[in-house]
Structure formats: C-alpha cells, structure tokens
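Here are a few exercises to work through with the model open in your viewer. Try each one before you read the solution.

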Amino acid sequence: MTSNFIGVLWALTAVVGWGFGDYLIQKNSRELGIWKCLFFISLIGVIGLLPFVWGDLHLLFAVKALLWMGITGIAMTAGSIFVFESFKEGKLSIMEPVISAELPIAVLLSITLWHENLSLAGWLLVLTIFLGVLLAVTEHHAHLHYHKRIFEKGVAFAAAGALVNGFIDLLMGASSQEVSPLLTVWSVWLIGAIITFAYIIYRGEVGRLSRDFMRYPREILVLGILDTGAWVGFTFAAVRIPISITAAITEGYIIIAILMGLVVSREQLRQHQRAGAVIAAIGVILLAATTG
C-alpha cells in the first residue's frame, strides 16, 4: 500500500472516532461539566498512550519539541473550551455553522504558513465538503445571515473556537511532522490534563472527581478512547498526506455525528440538511479516493 493510501485510512479513522465521540462529548459535558469532561479525556489519553511513547520521551528535552508541544497543547485546551462554551451558551443550530469555518481556516493556514500545495481539483473538493457540512449543520437558512446574528449569545465563543481549531489542525499536523505523531497527541493531552486539573483544584472540586467518574465509567472511557484514537488517526495521516487534505477528509465526521443524532436521539433533518450530508460525503469519498 502506498503512503498516501495509508494516510487516507488514518484520516478515516479520525472520522469514525470524532463522529461517534462527539455524541458522548455533548452528553458528558452536560452531565459532568466542560472542565471535568476535558480532564477525563486528557487523562485517559495520557495513560493510554504512555506505553507507546515511553521510549520517545527524551525528545521532549529538545527546545523545538517543547515549543511545538507547548503551543499546541495550550491551543487545544483553549479551542475545546471555546467550542464547549458556545454549545453551553447558544443554540447548537446557530453555533455549528460558525464552527464549521474551521475547515477553510485550516486549509488556508496550511497553504500560507506551512507552504502546502493544493490542486484546483483539491480546492473544489474541499469547497464541496465545506458547503455540504455547512448545509448539513444549518437547520434554517436564517442561521446563515451572519450580519443579523453577530451578537447572538455564544457566537463569539463559536467564532473563537473555529479560528483556534483551524490553528490546532495545522499545529497538530506540523508537530507530528517535526517531532512524532504519538508524542504530539500524548503531550497535548498531558498539558490539557494539567490545565484542567489546576482549574478543578481552583474550583475546589477535586474530591468529586472519583465520584463523577464512577457515575459514568463506561461512557467516559469510551469517549477518551475514541477522542484519543481520532487524534492519533489525524496525526498519522498528516505525516503521509498534506495537512490541508487531512483536515478536509476528517471533517466528514460531521456525517456520522448527524447519523448518530438521527438514530440515537431521533432528531429530524430538513431536506437541505440531508442534501448537505450527501454532498459532504461525496466530497470526502472523492477526495480520499483521489488522494489515496
């Protein structure tokens, strides 16, 4: 198998992980709170990946590695907080179209800052995926009237989340190329665990962590494994195919998340949302096929 084909397979692994994991993130965030949910995800990732990165920990003593990991870890934690807060404060149907801007931001950053090249066909497929996702996550056309809802509650957090997440895609991919995919994910989770644990200490809620975990042990473990596995898939893909292509393919997780909403939560989709999901799926399949 070619390196490109393996990269596409890793990207599709991230699609599955995030597609199923997002449902659990939303549920656990509401039950446990944003910071505890992030802490448990980070802690599971740190413990689970430690045996696989133990022999590479010496790489973290290099200044370049510390710089990459530090910036990426802080960005990951901040981006997650922004997105979770937007969901908490605003309407999901209004926040999602804003957050989906993560894809074009990631692609533009990868090309301008990381000097990647994207063919005309690649640009068209990325645009197809973005438009499909935008349709799929938008319940009503009025939600696309950005000038009318710039002051909607939660929009500022969603916009910040989209911008930071675009940088995160670039940082995770670049860190993987410069240092190591697994070490990148492990280091980011370690920084996330430290930051969230410090905040939990500040809130005086450390004593409740074990009790909170025992309330939903299976869901928390599955969530941690899925989210960690998704980022492992993303980083391994990014060392084999361009970060811009990796970001575009992995955005297909929205399709699985939508299907989860239909099957598990019995949500109803409008006709344009169904069309958007189909368009995004076709774009992901074509981009994956041409890349692989």
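**Exercise 1.** Find which residues form one aromatic cluster, then count the aromatic pairs.

*Solution.* W18, W231, F234 and Y253 make up one aromatic cluster. The pairing rule takes rings of Phe, Tyr and Trp (its six-membered ring) whose centres lie within 6.5 Å; planes under 30 degrees apart are called stacked, over 60 edge-to-face, and the rest tilted. By this rule there are 12 aromatic pairs. A word on the source: this is a predicted model, where local features need pLDDT of at least 70, side-chain atom pairs count only at pLDDT 80 or more, and totals for chains, interfaces and linings use all residues. Residues are numbered from 1 along each chain as its sequence is written, and side-chain values use heavy atoms, with hydrogens and water left out.

**Exercise 2.** Classify the pair W10 and F236, then do likewise for F82 and F157.

*Solution.* Step one: the rings of W10 and F236 sit 4.7 Å centre to centre with 20° between the planes, a stacked pair. Those two residues are 226 apart in the chain, with W10 in helix 1 (residues 3-32) and F236 in helix 10 (residues 217-238); helices here are DSSP runs (H or I, at least four residues), numbered from the N terminus. For exposure, buried means under 20% relative accessible area, exposed over 50%, and partly exposed in between (1.4 Å probe, protein chains only). W10 has 29%, so W10 is partly exposed, while F236 has 19% and so counts as buried.

Step two: F82 and F157 have ring centres 6.3 Å apart and planes at 35°, so this pair is tilted. F82 is partly exposed because its relative accessibility is 25%, and F157 is partly exposed at 28%.

**Exercise 3.** Is S110 buried or exposed, and what does S110 touch?

*Solution.* Next, its relative accessibility is 0%, so S110 counts as buried. Finally, leaving out residues up to four places away in sequence, S110 touches H115, E116, L170, I243 and S244, where contact means heavy atoms within 4.5 Å.
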